[in-house]
Amino acid sequence: MKILVLGGSRFLGRTFVEEALKRNHEVTIFNRGIQSPGMKDIEILYGNRFGDLKALQNRNWDAVLDTSGFIPYTVQNTTNLLKDRVNHYTFISSISVYQDWVEENLDENYPVLKMSLEEANKLSIDADGPIYNYYGHFKGLCEQIAEENMPGRVLNVRAGQLMGPNDYTDRVPYWVNRIAKGGKVLVPGNPNRRVQVIDNKDLANWILDMEEKNSSGTFNATGPDYPLTIKEFVDTCVKVTNSNAEVVWAEEKFLLDQKVAPWTEMPLWIPENSPLSPESSEPWKGAFSINVDKAIESGLSFRPLKESITDIYEWEKTRQLTEDEWKAGMHADKEKELLDLLKIEK
């Protein structure tokens, strides 16, 4: 196939391109040229989704992967331009489109956040404004726009937490790096608390399968296909890194009392027994039990967790980040302070 990737040089897009080339597909990337994918055998078109789409004009592709669509009017413009020039459009959305994660095992029919294009356009006038406060609203609207412009030809992928090399969010890499360092490691919640993550390679190959079959629809896409616990995740990190890490489990109440920020300061943690914010009336118990049966039935499969963590660890060895450069995770001084406090309380 001839495949166009919108974005394509950072995380999922980069992995998708690598896997597509292995299948001998012809790949074109469209981006601003700020980041080079460092790959051969691809065509790179330069432009900007916020206005400069000239490089996409008068071209045809079999399939499109949109990894960078977030601001609704950019997806409106792109799909308007491409709707008569491509057969299939994959939009990378997010499980953040759901109105909440209160319900466990929620599926694709669970209510999503709503917003009009007019309201979204007002909110996104200033790219430096609080646009990420509306991440789920924007993604949900982008899904709707793509489907309206290309009915029956869109694959909406509501992805969960991705993992793999080149992960610029630093959420899973934080745990791999922290556990590799060893010593006492503060880990949130109870050991049997579920977590969900999906390997970039697994997601990329499933998307390619779906594009090759010209399959459309809306799918939750996270993993694995069994109830993974935070203890199993941490234990795998310990084994892969051959670490002497000693895990110290911190109860949810303790962490909240100490103003530890879920998800950012403690990646892969969302409180099970307390509301996530003052606006929430119930805890988001369903955050890590998203139903992915539909995707699995359509062919989504999962590598062993050990393989995924090994890939991340090998990549992590190539990075030399200072503590302030990490985008997620707890600073060492605060972790030590909390570990000392836990010791006193016990």
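Buried residues are those under 20% relative accessible area, exposed ones are over 50%, and partly exposed ones fall in between (1.4 Å probe, protein chains only). By this criterion, the buried residues of helix 11 are Glu335, Leu338, Leu339 and Leu342. The model is predicted, so local features need pLDDT of at least 70 and side-chain atom pairs count only at pLDDT 80 or more, whereas totals for chains, interfaces and linings use all residues. Residues are numbered from 1 along each chain as its sequence is written, and side-chain values use heavy atoms, with hydrogens and water left out. Helices (H or I, at least four residues) and strands (E, at least two) are DSSP runs, numbered from the N terminus.

**Helix 11**

- Helix 11 covers residues 332-345; at 1.5 Å a residue, its 14 residues should span 20 Å, and its end C-alpha atoms are 20 Å apart, which agrees. The expected span is 1.5 Å times one less than the number of residues.
- Seen down the axis of helix 11, the buried residues fall within an arc of 100 degrees, so they line one face of the helix. The arc is that of the directions from the helix axis to the C-beta atoms.
- An α-helix has 3.6 residues a turn, so residues three or four places apart point the same way.
- Exposed residues Asp333, Lys336, Glu337, Lys343 and Ile344 are carried on the face of helix 11 turned away from its buried side.
- The cover over the buried residues of helix 11 includes helix 5 (171-181), strand 8 (184-188), strand 11 (246-250) and helix 8, where contact means heavy atoms within 4.5 Å.

- Seven strands form an open sheet in the order 3-2-1-4-5-6-10, with parallel pairing; two strands pair if DSSP finds at least two bridges between them.
- Strand 3 (42-46) and strand 10 (217-221) are the edge strands, each pairing on one side only.
- From one strand to the next, the twist averages 20 degrees. Axes are lines fitted to C-alpha atoms, for helices over the stretch in contact, and angles run from 0 to 180 degrees between N-to-C directions.
- Strand 1 (residues 2-6) and strand 4 (residues 61-66) run parallel and are joined by four bridges; Leu6 stands opposite Asp66 in strand 4.
- Helix 6 (residues 200-212) lies across strand 1, strand 4, strand 5 (86-94), strand 6 (154-159) and strand 10, and runs at about 165 degrees to strand 6.

**Glu43 in strand 3**

- Glu43 is found in strand 3 and counts as partly exposed, at 31% relative accessibility.
- Not counting residues up to four places away in sequence, Glu43 touches Val27, Thr28, Ile29 and Arg59.
- The side chains of Glu43 and Arg59 are joined by a polar contact of 2.9 Å. A polar contact is a pair of N or O atoms within 3.5 Å; within protein, one must be able to donate a hydrogen and the other to accept it, and residues adjacent in sequence count only if both atoms are side-chain atoms.

**Backbone features in loops**

- The peptide bond from Gly223 to Pro224 is cis, with omega near 0 degrees; Pro224 is found in the loop between strand 10 and helix 7 (230-241).
- Asn105, in the loop between strand 5 and helix 3 (117-123), has a positive phi of about 60 degrees although it is not a glycine. Asn105 is partly exposed, with a relative accessible area of 47%.
- Lys259, in the loop between helix 8 (252-257) and helix 9 (293-297), is a residue other than glycine with a positive phi, near 60 degrees. Lys259 is exposed, with a relative accessible area of 69%.
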